[in-house]
Amino acid sequence: MASERVVRVSKYLSQHLRHRPDRIGLTLDEGGWVDVSVLLAACAAAGFPVTRAELEHVVAVNDKQRFGFDESGTRIRANQGHTVPIDLGLADVAPPSVLYHGTYEQAVPSIRDGGLSPMARHDVHLSADIETARRVGARRGRPVILTVDAARMSAAGHAFRRSANGVWLTATVPPDFITFPSTASRPGARPVRPRRCVRRPRGT
Ligand code: HQG
């Protein structure tokens with residue numbers, strides 16, 4: 001299966017297993033699952049036929065392990081990243097002491113003020129390694145890596161869960177738990193202090 005086809009099928013599945021199942025007439029159950037046969041029939045009816053072998057290949061080789069079958073192999077769901085209201089049913093687990101979030105420069109002033117919000121998704125997504133955070137942030141511009149004091153958050157009562165594909169999830173991260181990088185550490189970046197001075201007042 002060509003890699004372009006893998007990416008196309010993966011994007012199509014993400015769209016309909018995370019965000020807009022209704023667009024192809026799918027209904028996800030409360031855990032986000034759908035029968036594989038129902039999914040394949042819906043894809044075909046919507047003009048995007050996918051074979052079972054292709055589906056199995058995409059699930060197996062997906063770069064982020066975005067999708068998973070249930071134990072019987074008859075149902076499939078996205079492992080995380082939903083915007084539709086489902087409950088992944090993940091148990092709370094103790095996080096590593098430090099987690100990372102990759103964002104982009106334009107978001108930083110708002111995150112300094114209000115912390116990290118899930119935005120359209122169910123949770124804030126965090127990673128245990130810096131490289132993943134860098135890749136996530138680079139999707140939107142110059143990446144900025146935020147360091148989250150997960151141990152202190154956990155001690156303060158914030159719950160953490162880990163998705164089947166290793167993404168750390170939590171409801172929100174208040175700014176007190178975030179360490180922002182000093183721009184001085186980024187070659188060529190302008191110093192942060194003068195730019196913060198010209199920040200517009202709230203509500204404008
Ligand atoms: C930012 C992809 C302003 C946040 C990735 C991010 C990940 C704020 C954006 C997964 C904010 C939301 C998730 C605040 C957060 N003010 N901006 N208070 N709080 N933000 O896509 O974490 O390919 O919903 O920093 O690789 O970027 O889809 O979240 O920039 O794993 O599998 O608001 O999605 O994976 O963006 O990415 P997203 P994310 P997939």
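1. Start with the bridge at His 101: its partner in S6 is Leu 146. Keep in mind while looking at this pair that the model is predicted. The bridge sits in the pairing of S4 with strand S6 (residues 143–149), which is antiparallel and runs over seven bridges.

2. Zooming out, the sheet is an open one of three strands, ordered S4-S6-S9, with antiparallel pairing. S4 and strand S9 (178–179) are the edges, each pairing on one side only. Helix H5 (residues 130–138) lies across S4 and S6, and its direction makes an angle of about 20 degrees with S4.

3. Now the ligand. There are 18 residues around it, and the ones that come nearest are Thr 103, Ala 107, Ser 110, Met 119 and His 125. Two elements give two or more residues to this shell: strand S4 (98–104) and helix H4 (108–114). H4 has the largest share, with three residues.

4. Along the chain, Arg 8 and Val 58 are 50 residues apart, yet their C-alpha atoms are separated by 9.8 Å.

How values were computed: Residues are numbered from 1 along each chain as its sequence is written. This is a predicted model: local features need pLDDT of at least 70, side-chain atom pairs count only at pLDDT 80 or more; totals for chains, interfaces and linings use all residues. A residue is near a molecule or strand if its C-beta atom, placed from the backbone, lies within 6 Å of it. Helices (H or I, at least four residues) and strands (E, at least two) are DSSP runs, numbered from the N terminus. Two strands pair if DSSP finds at least two bridges between them. Two residues are in contact if their C-beta atoms, placed from the backbone, lie within 7 Å. Axes are lines fitted to C-alpha atoms, for helices over the stretch in contact, and angles run from 0 to 180 degrees between N-to-C directions.
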